[in-house]
Amino acid sequence: MFDRAVRSKLRSVNGRASQLREDPASPARARRGPDVVVFGQIARDLVLVVDAMPGAHQSADVYQRRELLGGQGANQAVALAQLGMRPVLAAVIGEDQIAQRLLTQAQHDQVDTSAVIRRPDVRTALIVDIVDSSGHWRYLEDIPAGMLLTEDDVRACRHLLLPGRWVSVQLQQPPAAALAAVTLAHRAGCKVVLDGAPDDDCRDALLAMADVLRADAREAGMLAGSAVSTAAEAEKAAAELLRQGPALVALAVEGVGNLVAWPDGCVFLPLTETPVADTTGAGDAFVAGLITALAQDGGAQRAARLAAAAASATVGHPGGRPSLTPKAVQDQLTLLAEGPGR
């Protein structure tokens, strides 16, 4: 856990995104091995942009099409790499040609895929993201059960769980696998990040072992027991969650912004004026920003700002794949510093 002594040692991140990055091809980077383990999902992401969603028995012209490495785990790992971290992805793919293409792309993105499990006779996950001109999306998901992590898959990755290493566990995975990942990471002395809302059956255990909890607006409502629609409601919900174990809690408020809270305080960051093309992947970039700043001893407030900047830098293009260049992140940090947005 982050205790107060550890939190007091967190250095300031100076806000210049370029200082968060390291040459991905650096031999020194490769020798040090991963510093973040991401337990999540990898999928083929097909993004289709239309003017308006068609109704029943209607069609719509696609005016932009993107085929990407996707899935919440892969998106988060790519964002971490773009911010200068060294992520390893623990996920499941099939043994088809699509799977090999996804692995090749992840490796090109400087994501360590040594913990990705290839499952025979199961098709690789596919997510179709249909986005209209207003930024509203619909997902069509083909995620076979065999593409989800199991407890055995998690145990096969236990050699990656070293003291001080960061571990992000996406709670869209089966509860038993998520609980196994968090338990092993916690026992190994890792810093544990929960991404999502824990299943009721293991909620108490997961929260007690977590260092950081992040939830989107829907998940925040699930955690609070009712909709979280204002900054004040988010602050109240975060205070209760902090009492259950995490040292830092980040909750999204739909269409308003993000609250980040810790035992000694909190900060609410309104959404910036960035035009929204697609919110897919914003949460993954947010978590990557939190981890990056905290891992580099940036402090809670600085972590909140980098996380919000990374998320805002992701919503301006269709699809969940992040593009966290130094300029993109710095532009968003500047907008946050200028005050309230939309």
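This is a predicted model: local features need pLDDT of at least 70, side-chain atom pairs count only at pLDDT 80 or more; totals for chains, interfaces and linings use all residues.
Trainee: Where do I start? How many helices and strands does the protein chain have?

Mentor: Start with the inventory. The protein chain has 12 helices and 14 strands. Then look at burial. Of its 342 residues, 55% are buried.

Trainee: What share of the contacts comes from residues 24 or more positions apart?

Mentor: Take the contacts in the protein chain with a separation of 6 or more. Residues 24 or more positions apart account for 70% of them.

Trainee: Which residues of helix 4 are buried?

Mentor: Buried means under 20% relative accessible area. In helix 4 that picks out I98, A99, L102, L103 and A106. They cover an arc of only 135° around the axis, so they sit on the same side of helix 4.

Trainee: Which residues are exposed on the other side of helix 4?

Mentor: There you find Q97, R101 and H108 exposed.

Trainee: What do the buried residues of helix 4 pack against?

Mentor: Strands. They pack against strand 2 (43-50), strand 3 (62-70), strand 5 (92-93) and strand 6 (117-118). Look just past the helix too. Q110 follows helix 4, and its phi is positive, near 65°.

Trainee: Next, a single residue. Is F286 buried or exposed?

Mentor: Compare its relative accessible area with the cut-off. Buried means under 20%. F286 has 1%, so it is buried. It lies in helix 10, residues 282-295.

Trainee: Which residues is F286 in contact with, leaving aside its neighbours within four places in sequence?

Mentor: The list is R214, A250, N258, V260, A307, A308 and A311. Take A250. F286 and A250 are 36 residues apart in sequence, yet their C-alpha atoms are 9.4 Å apart in space.

Trainee: Last, a pair of helices. At what angle do helix 11 and helix 12 pack?

Mentor: Read the angle, the distance and the hand. Helix 11 (residues 300-312) and helix 12 (residues 326-337) pack at about 115°, with axes 8 Å apart. Their crossing is right-handed.

Trainee: Which residues make the contact?

Mentor: Helix 11 gives R305, L306, A308, A309 and S312. Helix 12 gives V329, Q332, L333 and L336. By class, the contact has 6 nonpolar, 2 polar and 1 charged residues.

Conventions. Residues are numbered from 1 along each chain as its sequence is written. Side-chain values use heavy atoms; hydrogens and water are left out. Axes are lines fitted to C-alpha atoms, for helices over the stretch in contact, and angles run from 0 to 180 degrees between N-to-C directions. Helices (H or I, at least four residues) and strands (E, at least two) are DSSP runs, numbered from the N terminus. A crossing is left-handed if the near helix is turned anticlockwise from the far one by less than a right angle, and right-handed if clockwise. Contact means heavy atoms within 4.5 Å. Ala, Val, Leu, Ile, Met, Phe, Trp, Tyr, Cys and Pro count as nonpolar, Asp, Glu, Lys and Arg as charged, and the others, Gly among them, as polar. Buried means under 20% relative accessible area, exposed over 50%, partly exposed in between (1.4 Å probe, protein chains only). The arc is that of the directions from the helix axis to the C-beta atoms.
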